[in-house]
Amino acid sequence: MTRQRLGVCYYPEHWPESRWSQDAELMKEIGLSFVRIGEFAWSRLEPRDGEYRFEWLGRAIDALDRAGLKIVLGTPTATPPKWLFDKMPDMAALDADGRPRKFGSRRHYCFSHEGYAKECDRIVERLARIFGAHPAIAAWQTDNEYGCHDTVLSYSPAALRAFRLWLEAKYRRIETLNQAWGNVFWSMDYRSFDEIELPNLTVTEANPSHLMDFRRFSSDQIVAFNRRQVEIIRRHAPGATILHNFMGAFVDFDHYALGEDLNVAAWDSYPLGFLERSSHDDDFKLRYMRVGDPDFQAFHHDLYRACGRGRWQVMEQQPGPVNWAPWNPAPAAGAVRLWTYEAFAAGAETVSYFRWRQAPFAQEQMHEALLLPNAEPNEGFHVAARVSRELAALDARVEAARASVALIFDYESAWAWRIEPQGQDFAYFDLVLSIYRGLRRAGLSVDVVAPSTADVAERRLIVAPALFAPSEDFAQALAESGATILLGPRIGSKTADFQIPANLPPGILQRLIDIRVRRVESLRPGASIKIASEGVFVRWRESLALGESVQRELTSDDGETALARSGNVFYLSGWPDEDLLANVLRRVFDDAQLSTLDLPEDIRVRDNGAMRYFFNYGPNPTDISALIGDEALLLGERILEPCGVAAFRRDDCRTAAKL
């Protein structure tokens, strides 16, 4: 089992070289093990075309190595230098309005530009050749936060050329594309692939099939761009761990597909910034202003564990106020520690804080770090030191096991319901997160997984809301799983070509439950449809026709089926509010014979193998004695303070040393 450790992000190029060894020794002193460097340093590695200056990076790596620290070395391709931008100005992505993404910040490149990709090959090749065998390099990070700042979709000439080639490879014949896209509509038939344009600047909305293929193409371009770097690194550092740092609530490309080329998935966790950017109402944001949404980070931990096929970490953990949200409050006392343990409880190998020292210059100067700009320790510094001591005493290791509950999350579905929301507030991510919240409030550990056959095997409960176009293989895997299955609104409502199934939704899933969706409606804010005394539908509702083998479990006040059932398969025909979701889930849990917990409102629980953790996201102390029983706590107290963490080992606690 892998021991769980702490890390930090460091930018030696920002500070005098005389400071590097002192920083490294201080990092080691407070118990840090890993340091990420290099991901934004291209202009210092190659200040002019072909003029390489790698010596300073080598000295920085040696300084960290002498202190006993391991390094995650980033490739610098998220920040091409000005000389390169001037050399090939057409490398810039164009936004949907046809405007170039100019130099002056970062991510100013188009994934389809072959000239830029070759420049990336060159700098990564040189970096990997020089440092590939260095014993201090524990892992490599490709680029940084693919797609950040709305940079997945590019409408450049390079993207157009690549898109046409992608379409020709997929469809072979233009007649096949016309059929798949339904181009007979509005006289949109094409005579050749060279006639196809990018789906922007159209008079009204573009063909949804065209938009979906453009999304798929754009995702594939990122996967291919990343794969080039991975292959170069593996040539020069065989056996090296390679990762990428994903983001929160970001669905613009398929992270599962990119993760297939990685050894480890990582993500950047900023709970307070994400809360401020979320769709929650003001009351929710005020309640959790200093600790973050109790379920947002946990959802992403589970999602990126799937993207890394069990191996994952937090590459950037918020240590204080950030600089990029609409409002940027400071974390509550204990919040950073809570976030760290929430990640470790979900099986993170490493939690790395962003960043070591707050920059006094440029765009992120208001983003707090473990050290203040003058190098004095900040609050996060002391949190990291405390958690490090606790981890050593706990001998904390990754022990996460396959969960009994699988929640399906699918990137194509997120694209589909952005393309055709039908209701302005229908957001796939929000729907899946709301169901995840209901599962977590019941005290269940959940695996968030792709709609693949392997991921649904050996489960007791599978929940699949709004899955755009399930495959035949996936439908068969569900049918053979033996699990209790809860299907949600909009599942199977389109084919892969973005057309309504010939036999009506849920299409091929009618083999699981014999229903047909004959009408859908979106509900404006404030409107709802009452489901007896169980709760209400909001945002979305469907009208169902039921086959003879299907029974009504719940009925709306206007006589429509709200919850249908056939054997072990349930179908929920709308977007439930919290009360309705809780009542539906209770029925599903009973059928799946799942044991749940009666958790207080702000308490969450997570199992990491034999270790059970409790977290208090609320503003008040909470007695969790009834949830612990006679177990001896390894961490925390039975009266769990706000931002408190408690843990015990369920198999053997008799020799526990109290922290």
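**Exercise 1: the largest cavity**

Helix H8 (residues 208-236) is the top contributor to the lining of the largest cavity, giving four residues; helices here are DSSP runs of H or I with at least four residues, numbered from the N terminus. The model is predicted, so local features need pLDDT of at least 70 and side-chain atom pairs pLDDT 80 or more, while totals for chains, interfaces and linings use all residues. Residues count from 1 along each chain as its sequence is written, and side-chain values use heavy atoms, without hydrogens and water.

Task: work out how much space lies in the largest cavity and sort its lining by class.

Solution. Start with the volume: about 60 Å³. Next, list the lining, which includes Cys-110, Phe-111, Phe-214 and Gln-221. Finally, sort it: seven nonpolar, four polar and no charged residues.

**Exercise 2: an aromatic pair**

Task: classify the pair Tyr-109 and Phe-111.

Solution. The whole structure has 48 aromatic pairs (Phe, Tyr or six-membered Trp rings with centres within 6.5 Å; planes under 30 degrees apart are stacked, over 60 edge-to-face, the rest tilted). For Tyr-109 and Phe-111 the centres are 5.0 Å apart and the planes at 75°, so this pair is edge-to-face. Now check burial: both Tyr-109 and Phe-111 are buried (under 20% relative accessible area with a 1.4 Å probe, protein chains only).

Note on methods: Buried < 20%, exposed > 50% of the residue type's maximum accessible area, 1.4 Å probe, protein only. 1 Å grid on protein atoms, 1.4 Å probe; cavity = no way out; pocket = protein on both sides within 12 Å on 5 of 7 lines; lining within 4 Å. Points joined across faces, edges and corners; volume = space filled by probe spheres on them. Helix = DSSP H or I, 4+ residues; strand = E, 2+ residues; numbered from the N terminus. Nonpolar A, V, L, I, M, F, W, Y, C, P; charged D, E, K, R; others polar.
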